[in-house]
Amino acid sequence: MSQGIDESDEASGAGSASLAGYEYQIDVSVWLALDLVLVTGTTDTLILEPASQEDLEATVADIEPGRVVSRASIDDYTLIVQAKRYGGDAWTPTRLKALLKHGSDTRISAAERLKMASARYLLVTSAGLNGDARKLRRRQPGSWPKPAAMPQVIANGIAHDISGRVAVIANQDDERLRGDIDRLLTEGCRVPNSRLETCRTRLREDARARIAGAGAGRWRRAEIETVVREHEGYLASAPELEHYVHPNNWNDLRAAMVNQSAAIIIGQSGTGKTLATKKLYEELHAANPGLTRVPISLGPSQLANDMTPRPVLFDIEDPWGRFDFDPRSRPWNTKLADFLADARPDAMIVATSRLDVASESKALNTVKPWIVNLEAENYGKAERQRLYRTRIDSLSRELQPLARGAERKVLDKLATPYEIQKFFDAMRTQDREGLKNPPGFVAGAIDAAHVNSIEQTVIDQIEERRDVRAAAILYALLIASDKVTRGVLREIEDGLADRNVALERGLSPLVDFFVAARNLRQGDGGIITYYHPRVEAGILRTLEKSGHRQDVRGILRHLVELLVSDEGPGAA
């Protein structure tokens, strides 16, 4: 058979095959829009059928916190995606090289595009891979082979170095695509099963319109979110600022910024410290459109060496650790007060910390002049009513009357913004059979939302999903560092799969589910952290069960072997 790029779907000229290829491209577009834009937040926009005539193009951010990997890197790259529904033989290195080099007077080849060092290329195909081409296989977008994986046939056939910047998601046939789309909609976006088909159809229509040129091919996060919300889905990782409820001491925080250009927000878990920082930035940015927010996650040196053009707001989240004092964060003890004292209107600082962690650091007195407390007591009756009522419309129509009637009962039981939000999460996720007993349905949602129930809920979720191995990996990474990026998680997921280490569902589905369930928080750059310390406790209790010990020990052994190997995250 010819070693060119005559894919049977295209070269045969058959109308049905061409149509199938076009529909395949639409499904790939929907899948990547849900994955990259909504669920992982890797990019804000996909461009379908861009001027380069590749199938998809997006600018993505690749951020790795320093403690998990051997080095920290921050890099922006252009992702070029081609979707090929291929009915012929599996891809060989020779066929892939021909595909990369294929171009015309009106179409720039992928190889030519890869002359730009910041470009990366992903092929999504229904066919398999043969020979050395298997070294380029990835299972999720955003994960990349090591440079050494590039087959020599391809490397020798292209003049410039493209190693480490080409990946293939193979065997992504129609059935697997549909399954991935449905999983992202139901677990990552919580679209109910009754609305799943119509939501998927609407997304395909929107993708088709953009491929045809609507909106210059740009498909933005807000547009995709709108479709999900119209079909009763929601996104826990989406900004929650449109219905933000100010605590009753908000003026104290604003005064601190006016008078000192700095503040440290101290409070217990669940009082909304992180969201308060985002709202503060939104209000400051409205008054000063040139203001840039810079998250500080790599220690005092990152802040000291930052060269972002002024004006800027530096956001230091949990400088001493998220749930316990981290001895590695001790440099903040002597540096934080100095930074706060040096803040000025064009270089403002906001830090957030739990009170118990800050106290354990023994540095609380040094930052006392900048402290603004944020506790449950800062949400009085009026604030808690607004927190509750602004969330009712996010429920399905059948649940809204039930929530309206339960307001008093819920607010008598739940105190913090986090608990109130968890009540609405529980209303969405409980078995609808429970609606036959409305008081019991509400009581169950209240019990699930109470901070003391979070731990058991996490245990039940892991057990029901049979995701103990994935939970063990997640726990190990977050105990080593209190944050990990989506990119690192996907590298680990692929690295374990390359070693034939079985995970029941993979790692990403559990992370997607936990983000949607508000067990994990997904922040800027796809950084994953725990939402509450009881989530960590629930995972640990699951792993300690005698029936899981063998699986936990086995997967952790494989994880350590991968992390110290040349194939591990951060390795060259």
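Me: With which residue does Arg499 form a salt bridge?
Reply: This is a predicted model, so everything said here is computed from its coordinates. Arg499 lies in the loop between H21 and helix H22 (508-516), while its partner sits in the segment after H24, so the pair ties together parts that are 68 residues apart in sequence. The closest N and O atoms of the pair are 3.3 Å apart, and the partner of Arg499 is Glu567.

Me: Is Glu567 buried, partly exposed or exposed?
Reply: A residue is called buried under 20% relative accessible area and exposed over 50%, with partly exposed in between. Arg499, at 34% relative accessibility, counts as partly exposed. For Glu567 the relative accessibility is 45%, and therefore this residue counts as partly exposed.

Me: How many residues apart in sequence are the parts that Arg490 and Asp35 tie together?
Reply: Arg490 forms a salt bridge with Asp35, and the closest N and O atoms are 2.7 Å apart. Arg490 is buried, with a relative accessible area of 3%, and Asp35 is buried as well, with a relative accessible area of 0%. Because Arg490 lies in helix H21 (residues 486-498) and Asp35 in helix H2, the parts tied together by this pair are separated in sequence by 455 residues.

Me: Which helix holds Arg200, the residue that pairs with Asp182?
Reply: The side chains of Asp182 and Arg200 meet in a salt bridge, at 3.0 Å from N to O. The two residues are 18 residues apart, and the pair links distant parts of the chain, with Asp182 in helix H6. Both Asp182 and Arg200 are buried, and the helix that holds Arg200 is H7.

Me: How many salt bridges does a search of the whole structure find?
Reply: Some salt bridges share partners, and in this way Glu23, Asp27, Arg204 and Arg208 are joined into one network. Among the pairs found are Arg490 with Asp35 and Asp182 with Arg200. The search of the whole structure gives a total of 40.

Me: Which element supplies the largest share of the largest nonpolar core?
Reply: The largest nonpolar core has 40 residues, and those with the most contacts inside it are Leu34, Leu185 and Leu203. Several elements each supply at least two residues of this core, including strand E3 (73-84), helix H6 (174-188) and helix H7 (193-211). The largest share amounts to 12 residues, and the element that supplies it is H2.

Me: What is phi of Asp318 near?
Reply: Asp318 lies in the loop between E9 and helix H12 (331-342), and Asp318 is buried, with a relative accessible area of 11%. The phi value is positive, although the residue is one other than glycine, and for Asp318 phi is near 55 degrees.

Me: What is the radius of gyration of the protein, and why does it agree with a compact globule?
Reply: The C-alpha atoms fill a box of roughly 75 × 60 × 55 Å along the principal axes, and 56% of the 572 residues count as buried. Among contacts between residues at least 6 apart in sequence, 73% join residues at least 24 apart. Because a compact globule with 572 residues would have a radius of gyration near 25 Å, there is agreement with the value for the protein, 25 Å.

Notes
Residues are numbered from 1 along each chain as its sequence is written. This is a predicted model: local features need pLDDT of at least 70, side-chain atom pairs count only at pLDDT 80 or more; totals for chains, interfaces and linings use all residues. Side-chain values use heavy atoms; hydrogens and water are left out. A nonpolar core is a set of buried Ala, Val, Leu, Ile, Met, Phe, Trp, Tyr and Cys residues joined through side-chain atoms within 4.5 Å. Buried means under 20% relative accessible area, exposed over 50%, partly exposed in between (1.4 Å probe, protein chains only). Helices (H or I, at least four residues) and strands (E, at least two) are DSSP runs, numbered from the N terminus. The radius of gyration is taken over C-alpha atoms; the globule rule is 2.2 Å times the number of residues to the power 0.38. Contact means heavy atoms within 4.5 Å. A salt bridge is a side-chain nitrogen of Lys or Arg within 4 Å of a carboxyl oxygen of Asp or Glu.
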